[in-house]
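Here are my notes on this entry. Please read them with the structure open.

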Amino acid sequence: MIDLKSMTPEEISGVLKELGAPAFRGKQVFAWLHKGAACFEEMSDLPKALREKLGEHCFITVPKVARKQVSRQDGTIKYLWELADGNCIESVLMRYHHGNTVCISSQVGCRMGCAFCASTIAGKVRDLTPAEMLDQVLFTQLDSGLEISNIVLMGIGEPMDNLDNVLRFLQLVNHPAGMNIGMRHISLSTCGVVPGIRRLAQLKTQLTLSVSLHAPDGETRSKIMPVNRAYPVEELFAACHDYFRETGRRISFEYAMIDGVNDQDWQADLIASRIKGMPGHVNLIPLNDVVESPFKPSGRIAAFQRRLESHGVTATVRRSLGGDIDASCGQLRRKAMEEAKRGEKPL
Ligand code: SAH
C-alpha cells in the first residue's frame with residue numbers, strides 16, 4: 001500500500017499515472033490530503049472509479065486523539081495521538097503572542113539517551129513518516145480550530161536521527177498547495193548530531209536551528225548527553241560556526257539549568273568563549289522535574305543569565321507553559337504507557 005500523504009504533488013501524479021489517471025489530478029489529491037481528508041470517498045471532485053482505485057492501492061494516515069489535556073493556566077493543549085500501528089506520540093499547541101505554535105515529535109521514543117529527558121527512557125521504537133509528522137500539525141489545527149503559524153521540532157525524538165523523513169516533511173508542510181508554513185516559522189532542535197547539522201547547512205534553508213547544549217565542557221556534557229561521546233562539544237561548536245557562515249542564521253542554544261551540574265559561573269564563561277564570533281542566543285530553561293531522573297532544577301538561573309550577558313551573549317529564560325498538564329516532552333506518553341501497563345486506563 002502506498003503512503004500518498006508522504007508524497008509531493010508531482011510524486012502523487014506519478015502514482016495516478018500508473019493507475020491510468022491524468023497527472024493534473026495529483027494536485028487535487030494533494031490538496032485534499034492536506035485539508036485532512038480521511039478517505040478517498042471524501043474527494044468529491046475525483047471520478048468515482050478513480051477514488052475506488054486509489055482506495056485499493058493507497059492509504060491515508062489519520063491519527064486518533066488518544067488523550068487531550070487543556071491547560072487551565074494558559075490554554076496550552078497537549079495531544080497524545082494513536083498512530084495506525086497502535087504507537088503513541090505527543091504534540092503540544094502553545095499560544096504565543098506571535099502566533100499559535102505546535103511542538104511535534106519526529107520519532108516514537110528516542111535513542112539519544114540524555115540523562116534528564118523522559119522521552120528516551122524506553123528507547124526508540126521507530127521513525128515517524130513524513131505524513132505522521134504533517135498529521136500532527138494538520139490535526140492539531142483541525143481539532144483545536146486554531147490556525148497554526150509556527151512549528152517547532154522539539155517533541156519526542158531526535159530529528160537528525162530521522163533526517164530524510166524530516167526534510168521531506170518540511171517540504172510538504174511548506175508547500176503552497178498545502179499548509180504553506182514558511183521555513184522562517186519553523187525551528188528544528190538537535191541534541192548535537194554533527195553530520196546532520198552539516199547536511200542541513202548545505203541545504204541553506206531559512207529554518208531556525210536550535211542546539212540542545214546543556215553543558216559547554218566535554219566532561220559534564222558526556223555525563224548527561226551520551227551524544228557528546230560521538231560528537232564532542234568542540235566539533236559541535238565548529239559545526240555551529242560553519243552553519244552560521246553558510247546560512248547567515250543565528251543559532252539558538254537550549255540550556256536546561258540543573259542544580260550543581262551545569263549552573264556554575266565558569267560554565268557561563270565557557271559558553272561565551274565558544275559562541276564568540278557568531279550571534280548565538282542562549283535559551284535558559286528551568287529543568288522539568290522528571291520522576292525517573294536524579295537531577296533537580298537549579299536556583300542560579302538569574303545569576304547565570306547575568307554572567308552570560310556580562311560577556312555580551314544574549315540569554316533569555318524560557319517561560320514555562322502547560323505546567324499543569326505534563327506538557328514537557330515525553331511525560332504524557334510515559335504516563336499513559338505506565339498506566340496502561342498497570343491496567344489502569346486503556347490508552
Ligand atoms: N532531540 C532533540 C529535540 C527533542 S528534546 C533535542 O535534543 O534537541 C526538546 C528539548 O527539551 C531539548 O532541548 C531537550 O534537551 C529538552 N529537555 C529534555 N528533557 C528536559 C527536562 N527534563 N527539562 C528541560 N528540558 C528538557
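1. Start with the M43–R51 pair. The backbone oxygen of M43 sits 3.5 Å from a polar atom of the R51 side chain. Bear in mind that this is a predicted model.

2. Where is R51 found? The residue belongs to helix α3, which covers residues 48-57. R51 has a relative accessible area of 15%. R51 therefore counts as buried, because the cut-off for that class is under 20%.

3. Look next at what surrounds R51. Leaving aside neighbours within four places in sequence, R51 is in contact with F40, E41, M43, S44 and L46.

4. Now the ligand. Which of the 18 residues around the ligand come nearest? They are G157, S189, S212, H214 and N288.

5. A polar side-chain atom of S212 lies 2.6 Å from a ligand oxygen. For G157, a backbone N or O atom lies 3.0 Å from a ligand nitrogen. For T190, a polar backbone atom is 3.4 Å from an oxygen atom of the ligand.

6. How much of the ligand does the protein bury? Taken alone, the ligand exposes 540 Å², and the protein buries 94% of that.

7. Last, the make-up of the shell. By class, the residues around the ligand are 9 nonpolar, 7 polar and 2 charged.

Definitions and conventions: Residues numbered from 1 in each chain as written. Predicted model: local features only at pLDDT ≥ 70, side-chain atom pairs only at ≥ 80, totals over all residues. Heavy atoms only, no water. Helix = DSSP H or I, 4+ residues; strand = E, 2+ residues; numbered from the N terminus. Buried < 20%, exposed > 50% of the residue type's maximum accessible area, 1.4 Å probe, protein only. Polar contact = N/O pair within 3.5 Å; in protein donor to acceptor, adjacent residues only side chain to side chain. Contact = heavy atoms within 4.5 Å. Near = heavy atom within 4 Å. Areas by Shrake-Rupley, 256 points an atom, 1.4 Å probe, with all protein chains shown as cover. Nonpolar A, V, L, I, M, F, W, Y, C, P; charged D, E, K, R; others polar.
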